[in-house]
Amino acid sequence: MGKYVVAIGPNAIDEYYRCDNWPKIGDKCFMEYIKAVPGGMIQNAASIMAGYGMTVYSLDILGKDEYTSVILDDLKSHGVQTDYMDICDDIKNTKTYIILSEDERTIFIVSNKKPKISIDDRKKDLLFGSSYVYTTIKDMKNVEDDINLIKQLKSQGVKIFFDVENESFDDPEKDSFYFENANVLVFNESGFEKYRGEKAPEEIYKDLFAKGVEIIVTTLGSKGCVVRTPNWAGEFSGIKVDVKDTTGAGDTFNATFLYGLLEGWSIEKAAKYANFAAARSIMYFGPKGGIAPIKAIEEFIKKYE
């Protein structure tokens, strides 16, 4: 098995705007256009992983438009392997509108129905040889015969890392197969609240660990994160920094955490570095502001710890 990650999920073009006074429903507001940059949360994380020196392959179907070469060139420039990506002439690339207001951002994703990612023998060899598959449940569902693929991945010893946000899954019961077959689940706050419903958090942890989940993380934005394994739990406080753009902080956390797991770090060390890397990323503009060599993260930790 190779020491590499396959990132499954859509690329996008992120258009940035600034709005000083966020409107109420029915109001008007003026926005300042900033710029457009390649994004997409799974592929943001892939670029950040590659920035640490990891080998990362992207699986996605790109549309055919003026942004296709921009997206591919951006991934390649960050070291992400694009040899297994497909291009479909019949669709456009996904666009995301990111509105910055004060220290927060609001994201509008334009729905773009893509065909399912086909998995031929070449892609199977890639997937079965990986250490981790990094994706969301929603994106995994956009792979042909995804349930059988997950079963095969597990039988081959490949680990599955799901990024779990509110919009990345439909329903805890309907999607129970995906949650229960994950090795690592990283929830943001709204994703965890949606998943747990009326259940107590401890009941959720107990059930998932009993199914074989190895690590459960809940990221808490500026408040830090909580990390759990069947035998350990740790809380990590947020780090106060000057905020420029919070886009991509979760992607930076996940990428850094997964880097630590692949390097054989303790869960505590991986979570610590991920927490600091996410804080550092929001000091920079753009969805890939978290890209940095690991030495830069270590220097940041020394300064802010």
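Me: Okay, so contact means heavy atoms within 4.5 Å of each other. With that in mind, what do the buried residues of α11 pack against in this predicted model?

Reply: They pack against α9 (249-262) and α10 (267-281).

Me: Which residues of α11 are buried?

Reply: General idea first: an α-helix has 3.6 residues a turn, so residues three or four places apart point the same way. Now the case here: α11 runs over residues 294-304, and its buried residues are Ile294, Ala296, Ile297, Phe300 and Ile301. Looking down the axis of α11, you'd find them within an arc of 155°, so they line one face of the helix.

Me: And what does the face turned away from the buried side carry?

Reply: That face of α11 has the exposed residues Lys295, Glu299, Lys302 and Lys303.

Me: How should I read a nonpolar core, and which residues touch the most other members of the largest one?

Reply: In soluble globular proteins, nonpolar side chains tend to be buried together. Here the largest nonpolar core has 55 residues, and Met49, Phe257 and Leu258 touch the most other members. Leaving out residues up to four places away in sequence, Phe257 touches Phe161, Val184, Ile215, Val217, Val227, Ile267, Ala270, Ala271 and Ala274. Another core, of 39 residues, lies apart from the largest one, and includes Leu59, Tyr84, Leu126 and Leu185.

Definitions and conventions:
Residues numbered from 1 in each chain as written. Predicted model: local features only at pLDDT ≥ 70, side-chain atom pairs only at ≥ 80, totals over all residues. Heavy atoms only, no water. Core = buried A, V, L, I, M, F, W, Y, C linked by side-chain atoms within 4.5 Å. Buried < 20%, exposed > 50% of the residue type's maximum accessible area, 1.4 Å probe, protein only. Helix = DSSP H or I, 4+ residues; strand = E, 2+ residues; numbered from the N terminus. Arc of directions from axis to C-beta.
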